[in-house]
Amino acid sequence: MNQEKVVFITGATGGIGKAAAIAMAQRQYTVVIHGRNKERTAAVAEEIKKLTGNRQVDYIVGDFFLMREVKKAATSFLNKYKRLDILINNAGGLMNKERAVTAEGIETTIALNVLAPFLLTKQLLPLLQQREDARIINVASNAHKLNARPDFNDIELHKHYNPLRAYGNSKLFLIWNTQHLAAQLSQQGLHHVRVNSVHPGAIATNFGVTSNLGGLMNVVAKLLRPFFKTPEQGAETLTFLATGDIHLTGTYFEKNKPVGASPKYYSKRNEQLIWDYCEQQVKQWK
Ligand SMILES: NC(=O)c1ccc[n+]([C@@H]2O[C@H](COP(=O)([O-])OP(=O)(O)OC[C@H]3O[C@@H](n4cnc5c(N)ncnc54)[C@H](OP(=O)(O)O)[C@@H]3O)[C@@H](O)[C@H]2O)c1
């Protein structure tokens with residue numbers, strides 16, 4: 001029975017996350033959505049209930065720029081739910097042309113796109129491990145192929161920051177963390193927990209709409225938008241990884257198929273370096 005299965009989807013107040021939440025509610029899963037604004041998130045949960053006729057739709061709130069809020073959201077989930085089958089780390093975004101840091105002192109792109117899923121996954125892993133078939137899906141992007149240019153001595157880009165570079169780096173790091181966790185789980189014999197990453201496609205959502213990328217890039221972003229696909233199309237590979245007969249782990253998917261992540265910049269050492277950086281940044285919240 002799907003109804004007993006619980007899926008938690010972050011950043012599900014709009015765009016790809018909301019479309020995935022609707023798809024999972026239609027399949028009669030218990031769906032817990034996350035957003036950063038209480039009214040908006042509650043309203044979307046109600047909307048999904050009405051649209052799908054599934055009453056098992058709930059919500060959790062937290063601003064995922066902040067690790068203390070990620071920890072709080074995880075605690076709320078653990079207090080309320082004794083079961084988690086699927087975690088979809090979808091919340092993410094493209095920031096502005098000026099580098100910004102969170103109130104906790106972390107560059108905003110890496111806080112939201114890398115550290116928030118890292119910490120949330122750590123917190124919820126003990127619950128996921130209890131299922132016979134558990135899944136973690138990290139929403140990455142092909143931007144890691146186009147725009148990543150990491151500096152391993154300056155992970156948060158204090159120097160030479162630009163929003164596309166920070167975004168590309170963050171998705172590259174998310175893919176590496178996916179691989180790293182998959183290997184760790186396999187080493188521990190936890191083969192029933194599969195963790196994969198996904199490129200959803202170029203999708204017309206709120207993504208980047210309010211980002212100020214700077215003069216020319218703002219124009220290019222507007223010109224490209226009519227060619228983008230719908231949020232429902234963007235949710236397809238997420239739903240496939242959540243519900244399909246998946247045996248792969250640590251793999252990067254696009255259009256329901258495993259595809260290679262960019263090998264540029266990859267080494268086991270760099271993967272470990274990013275994992276260690278994440279461990280260090282979230283250690284006070286664990
Ligand atoms: N659209 C694309 O072409 C594309 C391509 C590749 C990858 N992606 C990835 O797909 C994922 C979903 O993006 P989308 O296109 O659906 O964008 P979106 O429409 O902007 O949705 C992003 C979601 O994340 C939430 N969010 C943003 N900042 C947050 C924060 N600080 N704390 C908590 N939640 C926050 C948003 O909530 P609010 O409603 O409060 O803003 C929203 O629910 C992202 O990880 C993105 O990087 C998108």
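Which residue forms a salt bridge with Glu 104? Select Arg 68: the closest N and O atoms of the pair are 3.7 Å apart. A salt bridge here is a side-chain nitrogen of Lys or Arg within 4 Å of a carboxyl oxygen of Asp or Glu.

Before going on, note that this is a predicted model, in which local features need pLDDT of at least 70 and side-chain atom pairs count only at pLDDT 80 or more, while totals for chains, interfaces and linings use all residues. Residues are numbered from 1 along each chain as its sequence is written, and side-chain values use heavy atoms, with hydrogens and water left out.

**Stop 1: the Glu 104 and Arg 68 pair**

Stay on this pair. Glu 104 sits in the loop between β4 (86-89) and α4 (108-128), and Arg 68 in helix α3 (residues 67-80). The two are 36 residues apart, so the pair links distant parts of the chain. Helices (H or I, at least four residues) and strands (E, at least two) are DSSP runs, numbered from the N terminus. Glu 104 is partly exposed, with a relative accessible area of 22%. Arg 68 is partly exposed too, at 42%. The terms work like this: buried means under 20% relative accessible area, exposed over 50%, and partly exposed in between (1.4 Å probe, protein chains only).

**Stop 2: Asp 133 and its arginines**

Select Asp 133. Its side chain meets that of Arg 135 in a salt bridge (2.9 Å, N to O). Asp 133 lies in the loop between α4 and β5 (134-139), while Arg 194 is in strand β6 (residues 193-199). That pair is 61 residues apart and links distant parts of the chain.

Are these residues buried or exposed? Asp 133 is partly exposed, at 29% relative accessibility. Arg 135 is buried, at 7%. Arg 194 is buried, at 15%.

Next, select Arg 83, Asp 85 and Arg 131. Salt bridges link these three in a network. The count of salt bridges comes to 9.

**Stop 3: the ligand**

Select the ligand and the shell around it. The shell holds 30 residues, and Thr 13, Arg 40, Asn 90, Tyr 167 and Thr 205 come nearest. By type, the shell divides into 13 nonpolar, 13 polar and 4 charged residues. In this scheme Ala, Val, Leu, Ile, Met, Phe, Trp, Tyr, Cys and Pro count as nonpolar, Asp, Glu, Lys and Arg as charged, and the others, Gly among them, as polar.

Now look for the polar contacts, pairs of N or O atoms within 3.5 Å. (Within protein, one atom must be able to donate a hydrogen and the other to accept it, and residues adjacent in sequence count only if both atoms are side-chain atoms.)

- Asp 63: an N or O atom of the side chain is 3.0 Å from a nitrogen atom of the ligand.
- Asn 90: a backbone N or O atom lies 2.7 Å from a ligand oxygen.
- Ile 203: a polar backbone atom is 2.8 Å from an oxygen atom of the ligand.

On its own, the ligand has 890 Å² of accessible area, and the protein covers 92% of it. Accessible areas come from the Shrake-Rupley method with a 1.4 Å probe; for residues, only the protein chains shown count as cover. Color α1 (15-26) and α6 (163-187): these are the elements that give two or more residues to the shell.

**Stop 4: a nonpolar surface patch**

Select Met 217, Val 220, Leu 224 and Phe 227. They form a nonpolar patch on the surface, with about 380 Å² of accessible area together. Patches are made of residues with over 30% relative accessible area and no salt bridge; like charges are joined within 9 Å, nonpolar side chains (Val, Leu, Ile, Met, Phe, Trp, Tyr) within 5 Å. Leu 224 belongs to helix α7 (residues 215-224). It is partly exposed, at 42% relative accessibility.

**Stop 5: two positive phi values**

Select His 160, in the loop between α5 (143-146) and α6. Its phi is near 55°, positive in a residue other than glycine. His 160 is exposed, at 66% relative accessibility.

Finish at Tyr 265, in the loop between β8 (257-259) and α9 (268-282). Phi of Tyr 265 is near 75°, again a positive value in a residue other than glycine. Tyr 265 is partly exposed, at 27% relative accessibility.

How values were computed: A residue is near a molecule or strand if one of its heavy atoms lies within 4 Å of it.
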